[in-house]
Amino acid sequence: METSGYKYLDRIDSPRDLKQLALDELPLYCDELRRYIIEECSVHPGHLASSLGAVELAAALHYVFDAPDDRIVWDVGHQTYAHKIITGRREAFRTKRQLGGISGFPRMDESPYDAFGGGHASVSISAAFGMAKAAELRGEKHKVVAVIGDGSMTGGLAFEGLNNAGASKNTDLLVILNDNNMAIDQATGALKNYLLKISTSVHYNRFKRRVWGLLSHTPRLLHLCRRMWNGIKLGLLNNSNLFESLNFRYFGPVDGHNLPDLVRTLRAMCDIEGPKLLHVMTVKGKGYRPAETDQSVWHAPGRFNPDTGERIASTGDIARYQDVFGQTLLDLARMDERVVGITPAMPSGCSMNILMREMPERCFDVGIAEEHAVTFSAGLAASGMRPFCNIYSSFMQRAYDNVIHDVAIQDLPVVLCLDRGGLVGEDGATHHGVFDMAAFGAVPGLVIAAPMDERELRNLMYTALQTGHPFMLRYPRGCGVGAPWRDEPFALLPVGRGRCLREGEDVALLTIGTTAAAGARAAERAAAAGVDVAHYDLRYVKPLDEKLLDDVGRRFRRVVTVEDGCLRGGVGEAVTAWFSRKGHAVEVRSLGIGDTWVSHGTPAQLQALCGYDEEHIFDELMKK
């Protein structure tokens, strides 16, 4: 792919520069913008397909509206690469998701054009409505736009925002539904079918286009048409419009890649007051054939050859934790007909697609709806099933009440699998799974386990199935350590029991989860330097192994704990409190994530910054 010869791209450093282009030049600029995103993402990976699909939409929004005075709130921030480049971050885009570089998501502290931070789905409508209401209360006239897409409309928060905003008829809010029929994977559920019906109703859309052509030139006619619109629509669609039922004036669908029509439509909508929704149809991966052909894979493809579309795979054959989970879930489902899988729109991300391919009737993708996923799982468990509900750690934060109220209080045998536990790397603060052990450690009756390697994950999943009580597993993103696991016989691991990995006499090292690997290397180095380290794998966050801790408290005066999570309320604090309650005079030094937000970078870089990589563990072990 040619990497030079930009005629327009290098001239545009702000939306003001963009507005100097003639309308017929805008598609040419978007072609260059799309090419630049592909070139840069091939070397510095990121979320590619979603942003390719939103190039024309981002350009049209900044061509029509006057950001940052007008507020554009982007939902699921991985749509925003074109937005970032247009708003003065073209060169900085080369540093995206790298330590010290710009974020892959909108961040208010990064640019005034990022009206609201967004890494999680479904937040845009509520946030934008708050901004629109604030403008109304303050007598300000700027416009507020919420751009929601990539399956985010399936989230409950989106409907809460629509419901509330629709009741405020005088608040000027534009919601743009960027409909590409996808989340990370193929969109699911009744809403998908409803949107498809709207977008493919030939008579309805032909009528809408004709009327819209008139109304765009004479907005005051809208008032005259308002009373008859629902009746006409009912006759043509044989169905009421969901959005207009919520008091949003619905327009569309329109082609999100037809820039002249998109610009003309957005300009016309500026003159229409009150809540309104524009349905925009786009193609995820637009303009790059490999991404259009396999949209799920190219959501975040890693490094690739931009000319051939060949993905550059990482070397080695060590399995990813998510694949260990996916294959083990299938193995358990073959053993026990009660086993089912639940995921909120992440079947490929958590590898539940392995079960989905072989037993589709026992695997449920519920859309971007974490709260529903947990309570749906509780309902399955209450009726005799054994659900494995897999949700990324940072996304599970949204379902905290559901875990407590619907699972734990009722002592239901739901296995809550938290993928992406710990520092996930380049996605940054919105995606780091650092709070789970501290947050859920306070929930009575909930067992929490963290495997140190692939075999442990497999055996803990088997153990969770056997307990018959709420059970939470947390494990990190990425590859394991190479421990054998495939086709290994299952072993039951006693709940609340850790193990000694290395005997020693001078200092005790207590690790939880995959921090054991760095801990083991540091312990070996310390032993070579004359400090005899006893290394224990706690295995369970809750309940703690009191017998193990009592032995440690009696034998050692110095203890070092390591966790891939926040220190406040975490495992180290729990261990320290236990020693104190039992009267053990032990000096505990806890390594983990302090009371701060951790930015983006590689996991190794971030662990070093937070002070719990191998070097920091070794330094702590060597202290007298």
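Which residue in β11 is the bridge partner of Leu-416? In this predicted model, the partner of Leu-416 is Met-472 of β11, and the pairing belongs to a set of four bridges that join strand β9 to strand β11 (residues 471–474) in parallel.

- Five of the five residues of β9 (residues 415–419) are buried, so the strand is largely enclosed by the rest of the structure.
- In a regular strand the side chains alternate between the two faces of the sheet.
- Both faces of β9 are covered, with Val-415, Cys-417 and Asp-419 buried on one side and Leu-416 and Leu-418 buried on the other.
- Strand β8 (residues 386–392) runs parallel to β9 and is joined to it by five bridges, and Asp-419 of β9 is the bridge partner of Tyr-392.

**Helices α21 and α25**

- The crossing in which α21 passes α25 is right-handed.
- The contact is made by Ala-518, Gly-519, Arg-521, Ala-522, Ala-523, Arg-525 and Ala-526 of α21, together with Glu-614, Glu-615, Ile-617, Phe-618, Leu-621 and Met-622 of α25.
- Sorted by class, the contact of α21 with α25 holds eight nonpolar, one polar and four charged residues.

Note on methods. Residues numbered from 1 in each chain as written. Predicted model: local features only at pLDDT ≥ 70, side-chain atom pairs only at ≥ 80, totals over all residues. Heavy atoms only, no water. Left-handed = near helix turned anticlockwise from the far one by under 90°. Helix = DSSP H or I, 4+ residues; strand = E, 2+ residues; numbered from the N terminus. Contact = heavy atoms within 4.5 Å. Nonpolar A, V, L, I, M, F, W, Y, C, P; charged D, E, K, R; others polar. Buried < 20%, exposed > 50% of the residue type's maximum accessible area, 1.4 Å probe, protein only. Pairing = 2+ DSSP bridges.
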